[in-house]
Amino acid sequence: MLVPVFTLKLSHKILPRMVALGKYDGTHPCLTAATQAGKVFIHNPHARGQRVSGNRLVHSTQDADISLLNMNEAVSCLTAGVLNPDLGCDTLLVGTRTSLLAYDVHNNADLFYAGVPDGANTIVLGMLGDISSPLAIIGGNCSLQGFNHDGKDLFWTVTGDNVRSLALCDFNGDGKKELLVGSEDFDIRVFKEDEIVAEISETETVTGLATMGGSHFGYSLSNGTVGIYNQTTRHWRIKSKNQAVSIHAFDINSDGVCELITGWSNGKVDARSDRTGDVIFKDNFGSSVAGIIEGDYRMDGHTQLICCSVDGEVRGYLPGSQEMKGKLLDTSADQDLIRELSLKKQNLLLELRNYEENAKQVEPKAQTNEMDGQKGVIPANTQLKTSLSVNLGSDSESAHVELCISTSNDTIIRTVIIFAEGIFEGESHVIHPSLPNLSRRIKVPLTPPKDVPVELNIKAFVGYKNSTQFHVFELSKQLPRFSMYTLSSPDSAPGPLSFVRFSVSDRVQMVTVWLKQSFLLPEDMEILSEPFQVCFTSLRDAGQLCIQTKPTGEITINTDNIDLAGDIIQSMASFWGIEDLQVEADFPAYFEEVRKALVVVDNSHTVCQKLTANMADSSNFIRSILVRAEDSRLMGDMKNMKRRYMELYDLNRDLLSQYKIRCTNHTELLSNLKAINQAIQRAGRLRVGKPKAQVIAACRDAIKNNNVNTLIKVMRVGTASS
């Protein structure tokens, strides 16, 4: 359905995920990509003969159509688009680990240069929510920052981990764009400006997001998974042994619905149906795909799908002609129908053959012993039963949740296959007992690494020991969100000092219902009366969790794990439909760690400024020594010349030592900035709705003012005011 229309062989390598297309003069589209040695190349075949000059942008000596933008440090992300509508042209945005550059390519001028201490891992440009101007939104070290065309920071919030992918999408259908954020903690979060409106847990780092139209969006993971969601409902997903480098939405058959285009690390490009995930087009490059974009690159009025490889090969594709499309669509529809009918025929024939085999074994049952008649037939009333329980094991490391699968009679379970995201490596687990150990019951240990609800899809082969054919049972079992916590006595261990406290009206009686849904509780556990206290022990680290209620509507959660407290608050709020919830929280040990991290950050900034000043002084001294050394050489004063060069050698050694110190200092700074951003995000997760947004904003103000006490107070009570 896609026809190649042009191919380019560029003389520069292209870094993965760093490809964009921009009309920098308002008319001519230019292919832009990050290349080696901290440079960005701009390919403009439409303006040959125009020379560029300046400090940043220089003409390439290898290709007449390419100009090079020198960033002097490694490029971490880039994009192009309309940042200032009044300019009438696109702006190039380039991110590094410390800064963001907005660049006017046509005039060879910086629009603004902003420091980004949290780094720039990924970037997206567009309108967000009710903010009136387009934003360049940077995803960094657990933070999100949005800059307007003046370089003013109009948007800032925090997220759970390092950001790896961003996209703008009308997630809730209100006509305004929400921000999709994919991060290293395997979550896709949806921000309505600075408020999280949805969270989707995946099984690996979210490396790519692409808006498919409406509330649909595509995603890719670092383990080779790609798929499509409609809001929080997943339509489909597939998994490959290769990694998806780039994903893009493009309508290849002109039916008004975009297909998901994926560029893979092995050089393959494929297009998949947004409805089924079936491959409807594919092509191959000689090297890994670097990026996929779209635009009218030939300026003939048709939008091409443009794919780039890391070796600099660029291919443009167009949907086929209308006549070709009709033939292709008709042929494709016929082939799909034939394939579907053929598959149904094969399944029906296989089922018929199984019935015939079973009938042959049942007929001689009267003349043979009963065991011979049990080779393939099981009683009609056979049922497969499942149950979940906690197994404490012999030590804390072996404690786990246990799934028990059993039959309702003397039939045996030959094989069990369990599919579950995020629990098993490869997302599936197969149990195939050896012949002497066959029984009607199988126990499977489960140790979910995160507190998220998991659906277990179970397939079991049931028959008799001498059976040659087995009946397949398929069923699903829901693993509760907090299944890794077992009920314990309030007096079994000292209670945690940290707590979260809040009040709700007319909902305390619902706590029991929520507990039964979220934890593995004994079936015979009585309905708790008010007030009550229930305690749990973590199977992961033996940490204590206590939940207390009072008739007044006050609920207290005692735990030293602030992440667990946040998960419980969000789970309760979702279960009860709470839109706004303010809480009082105190985590003394954790807040002390945050206080220490802030002190280290302050010291790191001081050291950085001192090292920068020293390096500037050393640079001036180097210039002076070089001039003196050259003067001595011209005068034939070899003694002084050698002395000057020895001074240069010593100074260079000192500069290298200072650079290593600066690198170490920067790494420590990033680590502590990440810890602080995560602390703000965790403090926000203890609240719901407007109080959550207020906490994040107040925490940021406290950090800007370098007020540690105010920051801790905001985390505790939710506000900076007395």
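In the predicted model, N665 contacts S604, V607 and C608, leaving aside residues up to four places away in sequence. N665 belongs to helix α5. With a relative accessible area of 8%, N665 is buried, because the cut-off for burial is under 20%. The side chain of N665 also has a polar partner. One of its polar atoms lies 3.2 Å from the backbone oxygen of S604.

Helix α5 spans residues 638–685, and helix α6 spans residues 690–704. Their axes come within 8 Å. The crossing angle is roughly 150°. Angles over 145 degrees count as roughly antiparallel, and α5 and α6 are therefore roughly antiparallel to each other. Their crossing is right-handed. On the α5 side, the contact is made by I676, I680, A683, G684 and R685. On the α6 side, K692, V695, I696, C699 and I703 take part. By class, this contact has 7 nonpolar, 1 polar and 2 charged residues.

The crossing of α4 and α7 is right-handed. Helix α4 contributes F591, V594, R595 and L598 to the contact. Helix α7 contributes V708, N709, L711, I712, M715 and R716. The residues of this contact divide into 7 nonpolar, 1 polar and 2 charged.

A further buried site lies in a loop. F482 is found between β36 (471–479) and β37 (485–488). The relative accessible area of F482 is 0%. F482 is therefore buried, as the value falls under 20%. Not counting residues up to four places away in sequence, F482 touches D451, W514, S518, F519, L564, D567, I568 and S571. The C-alpha atoms of F482 and I562 are separated by 15 Å. These two residues are 80 residues apart along the chain.

Methods
Residues are numbered from 1 along each chain as its sequence is written. This is a predicted model: local features need pLDDT of at least 70, side-chain atom pairs count only at pLDDT 80 or more; totals for chains, interfaces and linings use all residues. Side-chain values use heavy atoms; hydrogens and water are left out. Axes are lines fitted to C-alpha atoms, for helices over the stretch in contact, and angles run from 0 to 180 degrees between N-to-C directions. Helices (H or I, at least four residues) and strands (E, at least two) are DSSP runs, numbered from the N terminus. Angles under 35 degrees count as roughly parallel, over 145 as roughly antiparallel, 65 to 115 as roughly perpendicular and the rest as oblique. A crossing is left-handed if the near helix is turned anticlockwise from the far one by less than a right angle, and right-handed if clockwise. Contact means heavy atoms within 4.5 Å. Ala, Val, Leu, Ile, Met, Phe, Trp, Tyr, Cys and Pro count as nonpolar, Asp, Glu, Lys and Arg as charged, and the others, Gly among them, as polar. Buried means under 20% relative accessible area, exposed over 50%, partly exposed in between (1.4 Å probe, protein chains only). A polar contact is a pair of N or O atoms within 3.5 Å; within protein, one must be able to donate a hydrogen and the other to accept it, and residues adjacent in sequence count only if both atoms are side-chain atoms.
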